[in-house]
Amino acid sequence: MPIPYFATYAASKAFQLHYAEALAEETSHEPVDILALCPGATETQFFARAGVERPNFASFHSAERVAREGLQMLGQRAVHVVGPTNYLASLVSRFLPRGWVTYAAERMMREWK
């Protein structure tokens with residue numbers, strides 16, 4: 001989804017998702033597996049190293065869970081979203097008007113930054 005204040009990050013993630021989906025289809029008859037793993041917020045040292053406060057609007061998953069689910073889904077599908085909240089958010093953002101989604105993301109990001 002578009003994320004104001006993180007526009008380049010959000011755009012690069014959209015590119016990676018579409019790229020992985022296209023590659024997965026192109027190589028569907030080859031002995032290679034492609035997976036776009038969409039973990040959402042993950043417990044890492046990212047925020048501490050970046051010197052920014054960890055957002056309180058996201059539910060974080062352990063790095064172990066993300067890695068385990070990614071390995072389990074490899075060869076099963078082209079895209080995997082970790083966690084029911086992230087999955088639901090990915091579905092809802094597809095069906096709501098883009099302006100609403102962008103507005104809501106801007107409000108959350110403004111509160112955080």
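Helices and strands here are DSSP runs, numbered from the N terminus: a helix is H or I over at least four residues, and a strand is E over at least two.

Local features need pLDDT of at least 70, side-chain atom pairs count only at pLDDT 80 or more, and totals for chains, interfaces and linings use all residues. Residues are numbered from 1 along each chain as its sequence is written, and side-chain values use heavy atoms, with hydrogens and water left out.

I turn to the overall fold. The protein chain contains five helices and four strands, arranged along the sequence as α-β-β-α-β-α-β-α-α. Its C-alpha trace spans about 45 × 35 × 25 Å along the principal axes. A contact means heavy atoms within 4.5 Å. Of the contacts between residues at least 6 apart in sequence, 58% join residues at least 24 apart.

Next, burial and surface. A residue is called buried under 20% relative accessible area, exposed over 50%, and partly exposed in between, using a 1.4 Å probe and protein chains only. Of the 113 residues in the protein chain, 24% are buried. Accessible areas come from the Shrake-Rupley method with a 1.4 Å probe, and for residues only the protein chains shown count as cover. The chain exposes about 8,300 Å², and carbon and sulfur atoms supply 59% of that area.

Let us now consider helix α3. Which helix holds Met73? Met73 is found in helix α3, and so is Glu69, the helix covering residues 63–73. Is Glu69 buried or exposed? Glu69 is buried, because its relative accessible area is 13%. Leaving aside residues up to four places away in sequence, Glu69 touches His80, Val82 and Gly83. Met73 also counts as buried, because its relative accessibility is 17%. With the same exclusion of residues up to four places away in sequence, Met73 touches Leu35 and His80. The C-alpha atoms of Met73 and Ile34 are 9.9 Å apart, although 39 residues separate the two along the chain.

Finally, helix α4, residues 84–95, which contains Leu88. Why is Leu88 classed as exposed? Leu88 is exposed because its relative accessible area is 52%.

To conclude, in this predicted model, Glu69 is buried, Met73 is buried, and Leu88 is exposed. Thank you.
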